[in-house]
Amino acid sequence: MRSLDRKLLRDLWRMRLHGLAVILVLACGLSVFVMSVGMRGSLERTRAAYYAERRMADVAVSVVRAPDRIVRTLANAPGVAALETRISGFALLDVTKIEEPATARLVSLPRAGRPRVNDLFLRSGRWPDPAHPEEALISEAFATALGVGPGDSLAATMHGRREALRIVGVANAPEFIFVSAPGELFPQPERFGVLWMGREALARAYDLDGAFNEVVVRLAHNADQRKTVAALDKILRPYGSSGAYGRDRMMSDRYLTEELHQLSTMAIFLPVFFLLVAAFLVNISLSRVIATERANIGLLKAFGYDDGAVAWHYAKSALLLACGGAVVGSVVGVWFGGSVASLYQQYYFFPKLEFVASPLTFVAAWAAGFLAAGAGAALSVRRAARLAPAVTLQPPKPPAFARMPGPIEAFSHGLDAKSRIIMRRILRYPRRAGATALGIALAIALLIVARSFPAVMDSLLDVHFAQGNRQSVTLSFVEPREMRALHDVERLPGVIYAEPFRTEDVIFRHGRRQVQEVIVGVPEGARLNRVIGREGKAIALPAVGVTLARTLAAKLSAVPGDEIEVEQTRGRRVRMPVRVTGIADPMLGGSAYMDLSALMRLMREPGRVSGAHLAMDPARHSEFNAAVKAIPAFAGASFVTLAERATRKNFDDHVGLMIAIYSAFAAVMAGGVAFSAARVTMAEQERDLATLRVLGFTRREASYVLIGEIAALALLAAPLGCVLGTGLAMWLMQLFQTDMYAFPWVFDPSSYAFAVAFTLGCVLFAAFIVRREVDRLDMVGVLKARD
Amino acid sequence: MVSPSPPAYRVRGLTKVYGDGATAVHALRGIDLEIAEGEMLVLLGPSGSGKSTLLNIMGGLDRASGGEIAFRDASLVAMDDHGLTRFRRRNVGFIFQFYNLIPSLTARENVELVREIALDPMTAAEALDLVGLADRMDHFPAQLSGGEQQRVAVARAIAKRPAVLLCDEPTGALDLKTGVRVLEALVDISARTRATTLMVTHNVDVARLGDRVVHFLDGRISRIDVNTRRASPSELAW
Ligand SMILES: Nc1ncnc2c1ncn2[C@@H]1O[C@H](COP(=O)(O)OP(=O)(O)OP(=O)(O)O)[C@@H](O)[C@H]1O
Ligand SMILES: [Mg+2]
């Protein structure tokens with residue numbers, strides 16, 4: 001080994017704690033990068049393979065009732081490569097082991113053979129036998145949650161008729177990778193799932209003999225989806241079509257796409273933080289090494305090494321650290337990805353989901369690591385390369401200090417000399433002080449961001465449930481029914497109060513924009529299901545006109561006062577102009593709201609409601625559940641209280657883990673920065689500290705100069721971190737915001753207190769580790785040396 | 001002869017060993033010495049003979065390996081780290097070859113530093129005036145010449161009116177003219193404050209400034225000369 005390389009290793013060993021800080025900070029950033037980019041790739045590839053293999057639909061459309069004979073016409077529509085007609089509906093399930101009835105989405109299987117579009121992946125059991133209409137397949141998560149499997153029976157209330165079903169297999173489908181009940185935030189597999197049954201059985205249950213109510217289509221290569229959609233709409237219009245739509249409106253795919261989007265955000269956001277800090281750490285530690293090696297540099301140059309060789313010698317140590325960070329980051333990233341993949345398997349049902357990061361991901365991670373370390377090294381190495389040999393062989397002059405700007409200087413005169421040392425040093429090295437404070441501030445910001453998610457989620461759930469959805473159960477009728485039916489509902493055991501509602505699928509048009517959405521009819525003085533306005537407070541609906549969710553209004557580019565057109569997608573296809581009279585801010589979804597009677601009048605069906613929200617006596621839940629299971633009039637029952645509980649628990653479980661990870665990251669960042677800064681301060685001030693000790697200052701008094709500098713920077717960093725954290729949290733919420741969710745930023749003082757206290761704790765811990773060196777200070781040795 | 005007052009320092013059989021085993025260095029091999037209050041003592045000897053080691057032990061910066069050393073009847077050997085710190089704080093002014101000023105503090109502030117921990121200090125202006133730097137008080141070390149920096153160091157050392165002034169080659173890094181100025185300040189001040197002064201030097205000429213000259217050789221005192229007349233710094237010629 002060349003002696004220079006031996007020196008390099010000795011240098012690295014000497015600055016091993018610095019090196020460790022660099023490696024850890026790099027590893028944090030790169031592991032998140034590898035995890036999120038790798039996970040994104042894995043999800044995308046797995047989804048693409050699954051879609052291709054099981055022929056995921058590109059376009060789907062629901063109709064009220066279309067006869068089988070138009071299938072040929074549909075198949076001849078432009079761009080259609082394959083299509084499947086089917087019957088789809090909802091059913092209430094009575095599973096003996098579970099008290100509340102569950103709701104199932106029912107989907108028919110072809111009369112013969114496997115579905116040509118949206119084929120299934122059979123996990124266990126076998127396909128239903130067309131000769132046995134009671135046989136059904138069940139979706140995997142549903143089966144697991146209900147504790148049923150092949151051979152088990154359950155009772156289903158389909159379209160008002162109670163039937164006994166027998167499970168013969170467990171399956172998944174590309175259209176149901178992610179399954180959540182309509183209007184729910186999170187999947188609740190024990191409340192909602194999918195059943196596949198024979199076509200004839202469902203035709204009988206839904207009175208659709210020789211007919212279908214859903215079409216799923218796979219497009220040909222190079223097909224123009226818009227043309228196909230238009231053609232399908234034209235053909236199906238007479239049959240009560242609610243409009244064909246693409247994957248962007250298929251729930252499962254939409255969730256996946258959003259998840260991918262969030263992974264992309266994650267892949268940039270955190271790593272950038274950490275790479276910046278790593279670059280800074282490399283810079284200050286290398287600068288320190290170079291400062292103490294002026295003489296060596298002079299010698300190297302005197303021996304004839306050129307500037308490039310000298311620069312390379314010092315850059316090598318940075319690159320070695322980058323290697324270390326990249327190795328650790330890659331290994332941890334793969335482990336991290338594996339655990340995220342298994343977490344995903346609780347929500348996304350693929351035949352198989354594995355975390356596989358592509359080679360390119362690693363190449364990018366390593367490149368980013370080298371880039372950060374290289375950038376950090378470049379600044380300090382350049383200075384080393386430029387030192388003239390003659391200069392390096394002379395002892396350095398005492399660093400030049402100057403008086404501080406007037407007011408600060410005046411302020412400092414009220415302080416003791418040691419505090420003045422601290423202030424002057426901070427002002428003398430503003431870049432380093434700034435970078436140190438920024439690093440600490442970033443750690444604080446990171447924690448604020450991490451903690452703001454639960455705070456936002458909490459407030460989102462509070463608003464959604466405590467303000468907007470206060471019912472414990474929502475019952476939906478199979479078809480809109482007379483108000484009279486409400487009395488039957490009120491008479492169910494345990495019902496304290498029933499509040500009617502009506503939902504209507506409509507197309508909104510404003511100018512050239514058009515959006516398909518739901519109008520919810522809310523009775524005047526609603527107590528349970530209320531419309532949310534600004535600030536998360538329930539608002540009263542105007543007696544006339546329609547109130548649009550903010551996202552919907554934006555999509556339509558409509559403001560209060562505008563007149564928009566509403567067209568019913570089924571039934572009478574009523575088409576009417578309506579005035580926008582308000583804007584709502586629901587946490588979830590982007591529907592429109594109208595006064596219940598106004599909506600019923602608009603749809604020319606006065607007195608017909610879609611269902612009721614119920615306030616319940618909790619003591620009589622069991623009785624109620626039993627009664628609902630026995631009554632065939634309901635198409636669905638949604639247990640809002642249970643949903644809230646499940647959602648919160650679900651969230652708490654994951655948030656705990658996330659906070660732990662982020663806290664560890666923040667600790668690494670704050671600790672690494674503080675440690676390096678304190679080490680450098682210590683090295684620079686060794687002589688001053690020894691002088692103070694010689695003069696008779698105690699260890700504690702001398703340490704104050706060291707700790708004080710870091711503490712002062714940390715205190716400067718605290719407000720900066722709070723501001724940064726707030727900005728980043730707001731920005732991230734903005735990024736995560738979609739048509740489906742509102743992510744309102746909320747101020748949560750406890751998050752800020754925690755972020756600041758935790759980070760300052762890490763900083764002080766790092767500073768006190770370095771402080772111990774003051775105890776070991778060799779006063780005589782330090783002062784004997786020239787420098 | 002009965003001494004009118006007890007000695008400032010009483011040193012008996014003092015030894016100092018660095019390291020152990022084969023690599024042990026015997027820096028001091030048994031020093032016996034008494035130093036009177038207010039005396040000006042010069043330590044002379046070849047490099048490595050143990051002068052700095054003795055000075056550091058006397059100043060409470062380092063510990064003896066054996067023997068006894070007492071300052072005004074208080075044994076330094078018995079003091080713990082805290083006791084030594086307090087001893088330095090109350091009694092000792094140090095001046096080193098390299099000035100060891102705090103670069104981020106002005107001349108005045110460097111002096112004021114010790115005022116924070118001394119019992120009856122001079123003002124910074126007084127101390128700097130004594131070394132002839134009253135007009136440079138607000139300059140930072142980087143703005144001062146070596147001799148000026150050393151004079152600031154002298155001012156800082158004497159500002160607390162120390163009982164002992166320990167100077168380890170105070171003019172080692174200076175040229176003749178500047179060295180003389182520093183020595184003038186030192187001698188003048190130690191006379192005024194009646195501080196017991198120990199000065200290490202390599203310069204035989206400088207030795208003429210002392211009441212006594214202690215010659216070191218190989219960790220031992222080889223000889224003690226008594227100067228019948230102390231020279232003044234201006235008489236020195238290197
Ligand atoms: N920290 C130490 N570790 C080991 N040996 C030491 C240490 N400090 C001093 N020595 C040794 O002790 C001996 C005496 O050193 P000291 O510094 O007292 O000499 P000195 O008389 O002041 O010399 P100089 O005139 O060169 O300053 C020397 O041999 C030196 O090498
Ligand atoms: Mg010496």
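**Entry: around the ligand**

I began with the shell around ligand 1, which by class has four nonpolar, seven polar and three charged residues. For the classes, I counted Ala, Val, Leu, Ile, Met, Phe, Trp, Tyr, Cys and Pro as nonpolar, Asp, Glu, Lys and Arg as charged, and the others, Gly among them, as polar.

A note on the source: this is a predicted model, where local features need pLDDT of at least 70 and side-chain atom pairs count only at pLDDT 80 or more, while totals for chains, interfaces and linings use all residues. Residues are numbered from 1 along each chain as its sequence is written, chains are lettered from A and ligands numbered from 1 in the order in which they are written, and side-chain values use heavy atoms, with hydrogens and water left out.

Where does ligand 1 lie? I found ligand 1 between chains A and B. Of the 14 residues around ligand 1, those that come nearest are B:Ser47, B:Gly48, B:Ser52, B:Thr53 and B:His202; a residue is near if one of its heavy atoms lies within 4 Å.

Next I checked oxygen atoms of ligand 1 against side-chain N or O atoms. For B:Ser47 the distance is 2.4 Å, for B:His202 it is 2.7 Å, and for B:Glu169 it is 3.5 Å. Taken alone, ligand 1 exposes 630 Å², and the protein buries 65% of that (accessible areas by the Shrake-Rupley method with a 1.4 Å probe; for residues, only the protein chains shown count as cover).

Two elements give two or more residues to this shell: strand S2 (25–35) and helix H1 (51–58) of chain B. H1(B) has the largest share, three residues. Helices (H or I, at least four residues) and strands (E, at least two) are DSSP runs, numbered from the N terminus.

**Entry: where the chains meet**

I then looked up the salt bridges (a side-chain nitrogen of Lys or Arg within 4 Å of a carboxyl oxygen of Asp or Glu). The rule finds six across the interface of chain A and chain B. A:Glu701 forms a salt bridge with B:Arg89, their closest N and O atoms being 2.9 Å apart.

**Entry: one salt bridge within chain A**

Over all chains, the structure holds 61 salt bridges. I picked out the one in which the side chains of A:Arg40 and A:Glu44 meet, 2.9 Å from N to O. Both residues lie in helix H2 (residues 16–54) of chain A, four residues apart, about one turn of the helix.

Note on methods. A polar contact is a pair of N or O atoms within 3.5 Å; within protein, one must be able to donate a hydrogen and the other to accept it, and residues adjacent in sequence count only if both atoms are side-chain atoms.
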